[in-house]
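Subject: Structure handover

Hello,

Here is the structure I said I would pass on. Please open it first, then read the notes below.

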Amino acid sequence: MSELSARVRIPERARRGEVVEIRTLASHPMETGFRLDTDGHRVPRNLIDRVTCRYAGRTVFDATLRPAIAANPYLSFRFVADVSGEVELTWHEDTGATLTERGHLEVEDP
Amino acid sequence: MSRGPSRRRVLAGAVVAVAALPLARVAGAAGIPRKGDLEPVFDELFGDRRPEEGGVELEVSQVVENGNSVAVTVRATGDGPPPRHLYLFMPRNPEPWGARFTIEPPALPEIATRVRLSATQNLTAVAEWPDGTLRGTAVSVLVTLGACIDENYADWIR
């Protein structure tokens, strides 16, 4: 298992109806299971295989990641800011470990 | 000593050849791989449904030096209802299915990530709508140095 850590940029405020962007970068080898170590042994698979985002209590983004996603998985996606609430990102490792980062998005009427 | 102009000329020629490539690729529009590589994974994910060309845009360099980390943006186009899933496929990777992104409103069907490409191939994106409609596109990406280069890895490249 690798130590899970991630950076995420969650905007703090937006106008209602504005499109906001969430950008995340996790620190993880995304070991494919295809690589051999110097002794010729296969390096076991170890992936972040799922990343989810909840916004104001709704799951708005759910990514299934497989070995073709590069090490230190980067994801960016956007949503329409329609209501103030918590933005919660969770990274799931295939070992069962998870990491959650949260931010609050305040939505103001223009 | 006369090395002659040949080396310079060869280099210049190489630069022109590389510069000309992306244009040639656009003209040659890759098309979703229909047969072979993606059939098994399309069977697994979509049963007998197959994507129609269009409705999805892929933004990716057409020539990449390093297949270990290739920036990709995939988005659904058009004014209709948004798709529920966006998929990325790498037909020549050891595992051709690369990612599935499920998008629920108010999220928008546009995602950027970085992928591994083991070799030159037609990177493919497919969007799936709640009614089962599939649409997709493919872009040919020339990879100079594939991901996971390793003597023992050769067996895994399809």
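**Strand E6 of chain B**

Start with a pairing inside chain B: strand E5 (residues 85-89) of chain B runs antiparallel to E6(B), and five bridges join the two. One of the facing pairs is Leu88(B) with Ala99(B), the latter in E6(B). Bear in mind throughout that this is a predicted model.

E6(B) also pairs across the chain boundary. Its partner there is strand E5 (residues 58-65) of chain A. This pairing is antiparallel too, and it has five bridges. Asp62(A) stands opposite Thr102(B) in E6(B). Thr64(A) has Arg100(B), also in E6(B), as its bridge partner.

**Where the chains touch**

Now widen the view to the whole contact. Chain A gives 26 residues to it, and chain B gives 29 residues. On the side of chain B that touches chain A, strand E6 (97-103) and strand E7 (107-115) each supply at least two residues. Which strand gives the largest share of that side? It is E7(B), with eight residues. Sorted by class, the side of chain B that touches chain A has 15 nonpolar residues, seven polar and seven charged.

**Chain A as a whole**

Chain A has eight strands and zero helices. Read from the N terminus, its elements go β-β-β-β-β-β-β-β.

What are the spans of chain A along its principal axes? The C-alpha trace covers about 60 × 20 × 20 Å. The radius of gyration of chain A is 16 Å, whereas a compact globule of 110 residues would have one near 13 Å.

Of the 110 residues in chain A, 32% count as buried. Take the contacts in chain A with a separation of 6 or more: 58% of them join residues 24 or more positions apart.

**Where to look**

Then move along to E7(B), which supplies eight residues to the side of chain B that touches chain A.

Best wishes

How values were computed
Residues numbered from 1 in each chain as written. Chains lettered and ligands numbered in written order. Predicted model: local features only at pLDDT ≥ 70, side-chain atom pairs only at ≥ 80, totals over all residues. Contact = placed C-beta atoms within 7 Å. Helix = DSSP H or I, 4+ residues; strand = E, 2+ residues; numbered from the N terminus. Nonpolar A, V, L, I, M, F, W, Y, C, P; charged D, E, K, R; others polar. Pairing = 2+ DSSP bridges. Rg over C-alpha atoms; globule rule 2.2 N^0.38 Å. Buried ≥ 20, exposed ≤ 12 C-beta atoms within 10 Å, placed from the backbone.
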